[in-house]
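User: I want to learn to read this model feature by feature. Give me the idea, then the case at hand.

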Amino acid sequence: MFSGGATNLFKAAAKNASKSTPSSLLFKASVATAIGSGIGLYYLEKNTAHANMEAEGLHPPHYKFPHTTLFGTFDHASIRRGFQVFKEVCAACHNLDHIHWRNLIDVAFTEDEVKALAAEYEYQDGPDDNGEMFLRPGKPSDRFPKAYPNEEAARAANGGAFPPDLSLITKARHGGADYVYSLLTGYCDPPPGVEIREGLNYNPYFPGGAIAMPQNIFDGVVEFEDGTPATASQIAKDVVTFLSWASEPELDDRKKIGVKALLLFSTLTALSLWIKRNRFSSLKNRKLVFNPAGNWNKPPVVPKKK
Ligand code: HEC
């Protein structure tokens with residue numbers, strides 16, 4: 001089928017490919033360097049011992065929160081307990097600006113429960129017909145109440161440090177949920193030789209080691225309504241699960257859509273491979289017979305099967 005010229009071209013190309021020109025050597029060398037340095041950097045990153053570890057904070061271990069696994073979703077009972085911890089402990093100092101009461105409906109509470117929870121707080125509203133502002137009970141459409149009216153008040157109450165908004169904290173910190181969990185449970189005495197300023201506390205996971213937030217999670221600091229033993233680690237795990245939900249409320253849906261997409265696209269891929277085989281079978285089984293010009297009147301020479 002191919003003319004002689006085309007065959008020669010192929011031969012030439014094959015000959016060229018087997019030759020190592022300087023530019024192809026350079027290319028091979030750069031690919032090898034890129035792969036080598038990639039592997040090197042990966043292992044450097046994995047090695048957690050740094051000279052300036054104190055400045056960076058201790059690297060948190062990896063905890064197996066269900067939602068951090070590949071197909072895992074949130075533990076909703078834990079979100080519910082975590083909300084209780086947030087409300088009873090953290091909300092004294094931290095805001096949760098991006099969360100409205102209604103966001104909790106069907107996640108950890110029923111609509112009626114959320115209405116009752118919101119109504120426990122008073123919100124300023126108005127002006128009314130007389131131009132006066134007034135207080136009314138909270139509604140599901142309200143945001144979670146602020147701990148302090150403004151940043152200055154928050155700093156004044158915390159020795160100059162500002163308790164950050166916790167709505168996105170597990171996304172905002174390196175290590176995410178693992179970091180926040182380690183921070184909450186990691187308070188300990190400073191090692192010999194380390195001086196901690198008055199009003200600060202030692203926590204090896206906090207960059208610099210000295211954090212203005214005091215330890216506030218202890219065994220039994222809350223009492224869970226579902227009877228879960230309120231150990232410090234349980235409380236920390238639950239509040240971290242709640243904060244992870246606050247940062248990524250779409251996680252459950254995202255993973256559900258992901259699984260659906262995987263199922264759909266793998267079925268479609270299998271189907272298209274099967275159709276391809278079907279369509280190609282006539283091409284692949286076809287026998288092409290070359291009848292040289294000038295012999296049109298002769299019957300085609302069909303090669304015998306070997
Ligand atoms: C007494 C007030 C107070 C309470 C209660 C409190 N915090 Fe804090 N928190 C602070 C302050 C102040 C800071 C800022 C620390 C700093 O910058 O040194 C902070 C910082 C943090 C940080 C950020 C650390 C970082 O990497 O910057 C996280 C996370 C945090 N708190 C979580 C919590 C959680 C979860 C709770 C509830 C279990 C809680 N806090 C309760 C005062 C508080």
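User: How do the residues of the shell around the ligand divide into nonpolar, polar and charged?

Analyst: Sort the shell by residue class and count. In this predicted model, 19 residues of the shell are nonpolar, three are polar and one is charged.

User: Which residues come nearest to the ligand?

Analyst: Cys 90, Cys 93, Pro 163, Ala 212 and Met 213 come nearest, out of 23 residues around the ligand.

User: Which helix gives the largest share of the shell?

Analyst: Helix 8, with three residues.

User: Now the overall fold. How many helices and strands are there?

Analyst: Count the elements, then read their order. The protein has 10 helices and four strands. Along the sequence the pattern is α-α-α-α-α-β-β-α-α-α-β-β-α-α.

User: What part of the contacts joins residues at least 24 apart?

Analyst: Start from contacts between residues at least 6 apart in sequence. Of these, 60% join residues at least 24 apart. Burial is a separate number: 19% of the 306 residues count as buried.

User: Which residues of the largest nonpolar core touch the most other members?

Analyst: This core holds 36 residues. Val 180, Ala 236, Val 239, Val 240, Phe 242, Leu 243 and Ala 246 touch the most other members. Next, ask which elements supply the core. Those giving two or more residues are helix 4 (76–88), helix 5 (111–119), helix 8 (176–185) and helix 9 (232–247). Helix 9 gives the largest share, eight residues.

User: At what angle do helix 8 and helix 9 pack?

Analyst: Read a helix pair by angle, axis distance and handedness. Helix 8 and helix 9 pack at about 145°, and their axes are 9 Å apart. The crossing is right-handed. Helix 8 brings Ala 177, Val 180, Tyr 181, Leu 184 and Thr 185 to the contact. Helix 9 brings Ala 232, Ser 233, Ala 236, Lys 237, Val 240, Leu 243 and Ser 244. By class, the residues of this contact are eight nonpolar, three polar and one charged.

User: Lys 237 is on that list. Is Lys 237 buried or exposed?

Analyst: Count C-beta neighbours. Lys 237 has 22 other C-beta atoms within 10 Å, so it is buried; the cut-off is 20 or more. Lys 237 lies in helix 9. Beyond four places in sequence, Lys 237 contacts Ser 78 and Tyr 181. Lys 237 and Ser 182 are 55 residues apart in sequence, and their C-alpha atoms are 9.7 Å apart.

User: Why does Ala 154 count as partly exposed?

Analyst: Ala 154 counts as partly exposed because it has 19 C-beta neighbours inside 10 Å, and buried takes 20 or more. Ala 154 sits in helix 6 (residues 151–157). Not counting residues up to four places away, Ala 154 touches Ala 147, Tyr 148, Phe 162 and Pro 163. Pro 163 is also one of the residues that come nearest to the ligand.

User: Where is the cis peptide bond?

Analyst: From Gly 126 to Pro 127, with omega near 0°. Pro 127 is in the loop between strand 1 (122–125) and strand 2 (134–137).

User: What is the phi of Asp 106?

Analyst: Positive, about 65°, although Asp 106 is not a glycine. Asp 106 is in the loop between helix 4 and helix 5. Asp 106 has 11 other C-beta atoms within 10 Å, so it is exposed.

User: Where is Thr 231 placed?

Analyst: In the loop between strand 4 (210–211) and helix 9. Thr 231 is partly exposed, with 13 other C-beta atoms within 10 Å. Its C-alpha atom is 6.0 Å from that of Gly 220, 11 residues apart along the chain.

User: Finish with Val 301. Where is Val 301 placed?

Analyst: In the segment after helix 10 (251–284). Val 301 has 11 C-beta neighbours inside 10 Å, so it counts as exposed. The C-alpha atoms of Val 301 and Val 289 are separated by 7.6 Å, at 12 residues apart along the chain.

Methods
Residues are numbered from 1 along each chain as its sequence is written. This is a predicted model: local features need pLDDT of at least 70, side-chain atom pairs count only at pLDDT 80 or more; totals for chains, interfaces and linings use all residues. A nonpolar core is a set of buried Ala, Val, Leu, Ile, Met, Phe, Trp, Tyr and Cys residues joined through C-beta atoms within 7 Å. A residue is buried if 20 or more other C-beta atoms lie within 10 Å of its own, exposed if 12 or fewer, and partly exposed in between; C-beta atoms are placed from the backbone. A residue is near a molecule or strand if its C-beta atom, placed from the backbone, lies within 6 Å of it. Ala, Val, Leu, Ile, Met, Phe, Trp, Tyr, Cys and Pro count as nonpolar, Asp, Glu, Lys and Arg as charged, and the others, Gly among them, as polar. Two residues are in contact if their C-beta atoms, placed from the backbone, lie within 7 Å. Axes are lines fitted to C-alpha atoms, for helices over the stretch in contact, and angles run from 0 to 180 degrees between N-to-C directions. A crossing is left-handed if the near helix is turned anticlockwise from the far one by less than a right angle, and right-handed if clockwise.
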